[in-house]
Amino acid sequence: PYPATRYEPRPVVDLSDRAERARLGPSALRAFFNIMDHWSIRDADSRRLLGDVAASTFYAYKKDPTRTLDRDRLTRISYLVGIFKALNILHGEALADRWVTMANTNRIFAGRTPLDYMLRGGVPAMQVVRRLLDARRGGL
């Protein structure tokens with residue numbers, strides 16, 4: 001048997017539950033748009049990071065972020081929030097805000113920018129970037 005512990009993991013958020021997605025959507029969208037502003041990401045690339053949303057949907061989110069998002073968009077935003085947080089732990093604000101748009105010699109990026117890597121690779125690439133940064137800050 002495992003040794004006794006007082007640690008209780010948080011329950012996993014059920015993203016199949018529409019009420020949970022409705023609860024999380026507005027704050028996720030506000031965080032997403034704030035991160036895009038910090039990183040100076042163009043709207044076209046922001047739309048791609050959200051999963052190639054239509055321009056009309058994207059601007060509707062921007063105008064009124066009190067929307068219920070689907071599981072995919074919440075997952076994407078979650079990775080981006082984790083990347084943003086890790087960058088701000090690892091670097092000063094100026095570098096943290098530029099890092100995703102700077103060419104990177106790490107083998108993962110092959111001289112391209114982390115943004116380009118994530119745009120090409122979608123959710124799996126976001127997961128790799130998140131894991132890389134978490135490992136660098138000692139989180140893994």
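Arginine 76 lies in helix H4 of this predicted model, where helices (H or I, at least four residues) are DSSP runs numbered from the N terminus. Because its relative accessibility is 12%, arginine 76 counts as buried, the term standing for under 20% relative accessible area, with exposed standing for over 50% and partly exposed for values in between (1.4 Å probe, protein chains only). When residues up to four places away in sequence are not counted, arginine 76 touches Arg48, Leu49, Leu50, Gly51, Gly122, Val123 and Met126, contact being defined as heavy atoms within 4.5 Å.

Tyrosine 79 is likewise found in helix H4, and it counts as buried because its relative accessibility is 18%. Its contacts, with residues up to four places away in sequence again left out, are Val123, Met126, Gln127 and Arg130. Tyrosine 79 and valine 123 are 44 residues apart in sequence, yet their C-alpha atoms are 8.1 Å apart in space.

For H4 as a whole, the 20 residues should span 28 Å at 1.5 Å a residue, and the end C-alpha atoms are 29 Å apart, which agrees; the expected span is taken as 1.5 Å times one less than the number of residues. The buried residues of H4 are Arg73, Leu74, Arg76, Ile77, Tyr79, Leu80, Gly82, Ile83, Phe84, Ala86 and Leu87, and what covers them includes H1, H2, H3, H5 and H6. At the start of H4, a side-chain oxygen of aspartate 70 reaches to within 3.3 Å of the backbone nitrogen of aspartate 72, a polar contact being a pair of N or O atoms within 3.5 Å, of which, within protein, one must be able to donate a hydrogen and the other to accept it, while residues adjacent in sequence count only if both atoms are side-chain atoms.

Helix H1 (residues 18–39) has 22 residues, which at 1.5 Å a residue should span 32 Å, and its end C-alpha atoms are 30 Å apart, in agreement with that value. A kink of about 35° lies at glycine 25 in H1, shortly before proline 26, the bend being the angle between axes fitted to the seven residues ending at a residue and the seven starting there. Among the buried residues of H1 are Arg21, Gly25, Phe32, Ile35, Met36 and Trp39, and the cover over the buried residues of H1 includes helix H2 (43–49), helix H3 (55–63), helix H4 (71–90) and helix H5 (93–98).

In the largest nonpolar core, which has 35 residues, Phe32, Trp39, Leu49 and Leu80 touch the most other members; such a core is a set of buried Ala, Val, Leu, Ile, Met, Phe, Trp, Tyr and Cys residues joined through side-chain atoms within 4.5 Å. At least two residues of this core are supplied by each of H1, H3, H4 and helix H6 (114–136), and the largest share, nine residues, comes from H6. Leaving aside neighbours within four places in sequence, leucine 80 is in contact with Phe32, Ile35, Met36, Trp39, Leu49, Met118 and Met126.

Two loop residues complete the description. Serine 40, in the loop between H1 and H2, has a positive phi near 55° and counts as exposed because its relative accessibility is 62%. Aspartate 52, in the loop between H2 and H3, has a positive phi of about 60° although it is not a glycine, and it is exposed, with a relative accessible area of 59%.

Residues are numbered from 1 along each chain as its sequence is written, and side-chain values use heavy atoms, with hydrogens and water left out. Local features need pLDDT of at least 70 and side-chain atom pairs count only at pLDDT 80 or more, whereas totals for chains, interfaces and linings use all residues.
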